[in-house]
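Keep the picture beside you as you read.

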Amino acid sequence: MRPEGYPLLERGLDGEPFIYLDSASTTPKPRRVIDAVTGYYEKLGANVHRGLHPLGEASTEAYERARHRVASFIGAHPSEILFTHNATDSLNRLAQMLRLTPEDEVVFPASEHHSNYLPWRVRSKAVLVDIDDEAVPRWEQLAGKLTARTKLVTVAHVSNVTGVVAPIEEWTRTAHAAGVPIAIDASQSISHMPIDVRALDCDYLAFSSHKLFGPNGVGVLYVKRERFAELGLGNVGGGMVSFNEEASFEVREPPFRYEAGTPNVEGVIGLGAAIDHMQGIGLGNIHAHSQALARQLMEGLGKLPHALVLGSRAPSRIALATVFLPLPTMRQTDLARLLADAHGIYVSGGFHCAHVLHHRLKLEGTLRASAQIFNDAGDIDALLAALHEL
């Protein structure tokens with residue numbers, strides 16, 4: 001079956017259909033997102049927050065309408081939404097704005113993606129929560145890792161390697177009880193489950209557009225309104241000041257003071273269209289579908305001889321599963337390519353930007369399959385059959 005509404009999946013590769021199970025890396029774009037991006041170039045095309053002519057005003061209106069969509073999508077206020085380039089950029093900017101020093105400590109699991117590991121490592125002291133033999137963090141260790149020097153706790157809402165959902169509410173209570181803010185990397189959860197930043201009570205939250213059917217080059221950083229007073233500036237330049245004189249300058253109110261320079265206007269508008277796309281399907285429907293495919297994946301992968309399935313014992317997950325298959329003379333990257341070439345099944349193989357996780361488990365890579373709303377049970381069956389054949 002070729003999913004409708006996604007031109008890449010409808011067309012196939014050189015006319016040949018394929019099964020796409022790599023949405024944890026990036027999602028194919030629906031037609032309405034592509035149309036929104038091209039529509040900006042064809043009908044608007046102006047910069048935002050600057051031009052006083054009709055094209056500039058219309059571009060600004062479309063851009064800010066997308067900010068309102070994002071805010072509503074995660075239960076935030078529009079003034080709490082900062083547009084960036086991606087989640088990596090969001091977390092790097094947050095590290096910059098927190099004005100961390102090498103003596104400051106940031107606590108996070110050893111399983112984190114490089115995007116939520118390296119920004120803290122290069123600016124502060126990284127304090128790692130251990131992981132078990134299936135790469136699931138030992139959540140109960142958090143309280144014991146907090147000290148008077150802890151400036152931040154951060155964690156992926158869903159691991160990009162295991163697909164396991166973190167106990168965010170529990171970690172937030174523990175961090176806040178110690179007077180420490182918490183940042184959430186929602187890159188993998190944002191397109192699989194409803195998120196309400198007020199209910200989570202997180203202080204910061206980051207995600208990328210390209211993982212929820214939106215364009216590349218756009219990210220979001222949510223900042224709880226009362227946290228702005230603690231933050232320094234990020235990038236500086238055009239658009240983020242009210243005035244600039246030789247002796248002094250005055251910055252604008254958030255979020256504009258954190259969006260220096262010309263933004264990715266078309267990408268932000270496309271992100272707004274992607275959110276409309278998801279809300280049209282229904283977040284509840286997407287979440288239920290993800291959980292059903294997750295159960296099918298875990299049950300099927302668990303029947304593979306000698307396979308190590310990461311996070312198999314976790315009670316909550318999305319449709320993302322990672323397995324190590326000990327096949328002689330073949331790397332996990334070789335297996336991923338073989339699945340593509342011989343079976344037309346596209347998955348990810350390697351370290352998934354989580355080298356520390358793989359190093360601790362002494363694994364030279366793993367194989368990851370990640371499904372989305374356009375996948376069905378037949379896609380999972382095809383993957384499992386191909387793996388059994390291997």
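Predicted model: local features only at pLDDT ≥ 70, side-chain atom pairs only at ≥ 80, totals over all residues.

As background, nonpolar side chains tend to be buried together in soluble globular proteins.

Setting aside neighbours within four places in sequence, its contacts include Val70, Ile74, Ala87, Ile190, Leu212 and Val220.

## Helix 3 against helix 9

How do helix 3 and helix 9 lie relative to each other? The axes of helix 3 (residues 54-74) and helix 9 cross at roughly 40 degrees and come within 8 Å. Angles under 35 degrees would count as roughly parallel, so this pair is oblique instead. The crossing of helix 3 past helix 9 is left-handed.

On the helix 3 side, the residues that meet helix 9 include Ala62, Tyr63, Ala66 and Phe73; their partners in helix 9 include Val268, Leu271, Ile275 and Met278. Sorted by class, this contact holds 11 nonpolar, two polar and two charged residues.

## Helix 2 against helix 9

Now look at helix 2 (residues 31-43), which packs with helix 9 at an angle of about 150 degrees, the axes being 8 Å apart. Angles over 145 degrees count as roughly antiparallel, so helix 2 is roughly antiparallel to helix 9. Here the crossing is right-handed.

The class count is nine nonpolar, two polar and three charged residues.

Pro254 and Pro255 are joined by a cis peptide bond, with omega about 5 degrees. To find Pro255, look in the loop between strand 10 (249-251) and helix 9.

Next come two residues that have a positive phi although they are not glycines: His49, at about 65 degrees, and Phe213, at about 75 degrees. Is each of them buried or exposed? His49, in the loop between helix 2 and helix 3, counts as partly exposed because its relative accessibility is 30%. Phe213 sits in the loop between strand 7 (204-208) and strand 8 (219-223), and it counts as buried because its relative accessibility is 0%.

Terms used:
Residues numbered from 1 in each chain as written. Heavy atoms only, no water. Contact = heavy atoms within 4.5 Å. Axes fitted to C-alpha atoms, helices over the stretch in contact; angles between N-to-C directions. Helix = DSSP H or I, 4+ residues; strand = E, 2+ residues; numbered from the N terminus. Parallel < 35°, antiparallel > 145°, perpendicular 65-115°, else oblique. Left-handed = near helix turned anticlockwise from the far one by under 90°. Nonpolar A, V, L, I, M, F, W, Y, C, P; charged D, E, K, R; others polar. Buried < 20%, exposed > 50% of the residue type's maximum accessible area, 1.4 Å probe, protein only.
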